[in-house]
Amino acid sequence: MLQLPNTRYSGLALATLLGALSPTTSASEMFAKDSPWMLGDWGGTRSELLEKGYDFTLGYTGEMGSNLHGGYSHDRAARYSDQFTFGVNMDLQKILGWHDTEFQLTVTERHGDNISNDRINDPRVGGFTSAQEVWGRGETWRLTQMWIKQKYFDGALDVKFGRFGEGEDFNSFPCDFQNLAFCGSQVGNWVGGIWYNWPVSQWALRVRYNLNDELYAQVGVFEQNPSNLESGNGFKLSGSGTQGAVMPIELVWSPRVNGLKGEYRAGYYYSNAKAQDVLKDSNGAPAAISGAAYRSSSSKHGLWLGAQQQVTALASDQSRGLSLFANATVHDKKTNAIDNYVQAGVVYKGPFDARAKDDIGFALARVHVNPGYRKNARLINQANGLDDYDNPGFLPVQDTEYSAELYYGIHLADWLTVRPNLQYIRHPGGVSRVDDALIGGLKIQSSF
């Protein structure tokens, strides 16, 4: 029996879609297709405020997923999850006369369910990727951004301080795909216990220096405080519960190859907080067998590489054409369940003259489990005398998960894009006993 998705905001999603089809005559009016905002220019007030330095944002992302075939549970279902974003960016040079300074404040709210949790992945161990990336970090309101940024030396030095997440500046990547393996900062997806992606924020400092017009280096210090992940701490500002700091460093090169845009990133992160070994106790023996506590390490670290490059363009419109991308991360084998991840894909913007703002995307990803983590699961089952996968107490052994996604982005208006997609996941959660899954998805991105 097919279960219908949570409908708390499904009506809003439908109204948004219908609004995009409504005829309008002026970009300043509500639902105008050539307006950046669904609600229009507020009678000119929005443009006036923008001119004075106030840029307001109201965004909505909704995602639906349905298990069409395979997965852990063959009981068909459809799930809906979404996020509201409320923000304002203030140009403090215009407002207060502070040279090259801006302030950002953003609040988010997430709600809904994820098809991956009990239909695609084995709930005993969960999964790695997620068919609905907007789901996660609790159904709650959060202070997602509260920072001030100032530039010095004619913009060469850029300093940002306040509350934000690492993926905002480091290992950054667009989020047009619906599967988490192709959306946003991938480091945060595989070491999420220390690297907190959107919508979680923490106290942080980021310093960037522009070496030239195409190359910059940046370094950051981010509070590592697991209590920030708790649903009840969405607006927590105190540092209680802090365990240490995550310190990323990154070099970013943005060349133009044959006149086409590219971006290449290489970075490294280091956490000075204690981290638990995935296998051994303090004596070097498997903790699952000895019964002793897992030993702790004094730090945790890893690195990442990322590349995006447009390779073709139309002479009449350089925004249309084929772009390639790839990302890879490597993590500490002693302390992290995932030791490496790779991903690659293509996006074609403007596939048809009649649909010049549509886009098509296809990507593949591989998430690999640390051999020590796998061995630990086997030893836990051995210690418990379990070897039957169907036993509720059995701990499934996780290895490698593969994901693929194909989407078509329908640009209905400048404020609305809808992306139906198909996802295929081989060995969900890295568990070979779970059937490969085919998922139908729909992603809605709108700006009010």
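In H7, the buried residues are Gly372, Arg374, Asn376, Ala377, Leu379 and Asn381. The model is predicted, so treat each stop as a feature of that model.

Select residues 371–383 to display the whole of H7, a helix of 13 residues. From its first C-alpha to its last it reaches 18 Å, close to the 18 Å expected at 1.5 Å a residue.

Next, look at the two ends of H7. At the start, show the side chain of Asn370: one of its oxygens comes to within 3.0 Å of the backbone nitrogen of Gly372. After the helix, select Gly385, which has a positive phi, near 65 degrees.

Move to strand E6 (residues 202–210) and pick Gln202. Is Gln202 buried or exposed? Its relative accessible area is 0%, so Gln202 is buried. Show the backbone of Phe164 as well: its oxygen lies 2.7 Å from a polar atom of the Gln202 side chain. Leaving aside neighbours within four places in sequence, the residues in contact with Gln202 include Gly162, Arg163, Gly165 and Glu166, along with Tyr196, Phe222, Glu223 and Asn228.

For the last stop, switch to a surface view and select Leu96, Trp98, Ile148, Phe161, Leu205 and Val221. Together these residues make a nonpolar surface patch of about 530 Å². To place one of them, follow the loop between helix H3 (92–95) and strand E3 (101–112), where Leu96 is found.

Definitions and conventions: Residues are numbered from 1 along each chain as its sequence is written. This is a predicted model: local features need pLDDT of at least 70, side-chain atom pairs count only at pLDDT 80 or more; totals for chains, interfaces and linings use all residues. Side-chain values use heavy atoms; hydrogens and water are left out. Helices (H or I, at least four residues) and strands (E, at least two) are DSSP runs, numbered from the N terminus. The expected span of a helix is 1.5 Å times one less than its number of residues. Buried means under 20% relative accessible area, exposed over 50%, partly exposed in between (1.4 Å probe, protein chains only). A polar contact is a pair of N or O atoms within 3.5 Å; within protein, one must be able to donate a hydrogen and the other to accept it, and residues adjacent in sequence count only if both atoms are side-chain atoms. Contact means heavy atoms within 4.5 Å. Patches are made of residues with over 30% relative accessible area and no salt bridge: like charges are joined within 9 Å, nonpolar side chains (Val, Leu, Ile, Met, Phe, Trp, Tyr) within 5 Å. Accessible areas come from the Shrake-Rupley method with a 1.4 Å probe; for residues, only the protein chains shown count as cover. A salt bridge is a side-chain nitrogen of Lys or Arg within 4 Å of a carboxyl oxygen of Asp or Glu.
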